[in-house]
Amino acid sequence: MSNEINATGPGTPGPKKTTGKNGSNYTVLIACVVFVASMVGMSYAAVPLYRLYCQVTGFNGTTQRVEQASTTILDRKMRVEFDANTASTVMWDFKPENRSVDVRIGETVQVMFTARNLGKETATAQAIFNVTPLQAGAYFNKVECFCFTDVTLKAGESREMPVVFFIDPEIVNQPETKSVNTITLSYTFYAKQPDKPVAQAPESGKAIETKL
């Protein structure tokens, strides 16, 4: 006869619960979702912060935007060359009036660019810019530029667009830029995506009609 007894009495512990392991997995899943969402949010926030950092420091060849022209003009001259480009989605003929100018350091100068819409529809684009050598970006100051705002051209329309700038005389006092004799200012037009319409909320007191 077998001595094995089925322990089913009231004092016998029931089967072990497995909710601890499942709860742990659920906690890990929630933590992963929160982490991914946080990283996505940080990536969107990093874009404007990076642009602001570049504008303030001149990092990566970003030029400076100023309100007033320089009051100091040196006898030394520097050549500024211009490069004009468009993205493949922008059907524009875009070019500088002159490929280069020789300017005195600190002198405020105006140059012209022209753009013509070769497409059959109205198009809006924004110019992204930088300066090479990159370390010279902090000393290239713009007073006026078409790159400050979006540009909209109708089909076949042409427009002259000015750039007013000067080179900060401090450029000759810095070890990394004092030997720079040529600066290249480069622009590239990228298509501007139209703003999406915002849905209007129903007026207060009016019920939303639902069709069945």
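**Close-ups of a predicted model**

**View 1. Contacts that reach across the chain.** Take the contacts in the protein between residues at least 6 apart in sequence: 76% of them join residues at least 24 apart. Keep in mind that this is a predicted model. As for burial, 26% of the protein's 212 residues count as buried.

View 2. What is the order of elements from the N terminus on? It reads α-β-β-β-β-β-β-β-β-β-β. In other words, the protein has one helix and 10 strands.

**View 3. The disulfide.** How many disulfides does the structure hold? Zoom in on Cys-145 and you'll find a disulfide to Cys-147, with 2.4 Å from S to S. The link of Cys-145 and Cys-147 is right-handed, with 130° about the S-S bond. Are Cys-145 and Cys-147 buried or exposed? Cys-145 is buried, and Cys-147 is buried too.

**View 4. Stretches with pLDDT under 50.** Across the protein, the mean pLDDT is 78, and 60% of the residues reach 70 or more. Residues 1-7 stay under 50 in pLDDT, and the model gives them one contact beyond four places in sequence. Residues 42-61 also keep a pLDDT under 50. For residues 42-61, the model has 23 contacts beyond four places in sequence.

Methods. Residues numbered from 1 in each chain as written. Predicted model: local features only at pLDDT ≥ 70, side-chain atom pairs only at ≥ 80, totals over all residues. Heavy atoms only, no water. pLDDT = per-residue confidence, 0-100. Contact = heavy atoms within 4.5 Å. Disulfide = S-S within 2.5 Å. Buried < 20%, exposed > 50% of the residue type's maximum accessible area, 1.4 Å probe, protein only. Helix = DSSP H or I, 4+ residues; strand = E, 2+ residues; numbered from the N terminus.
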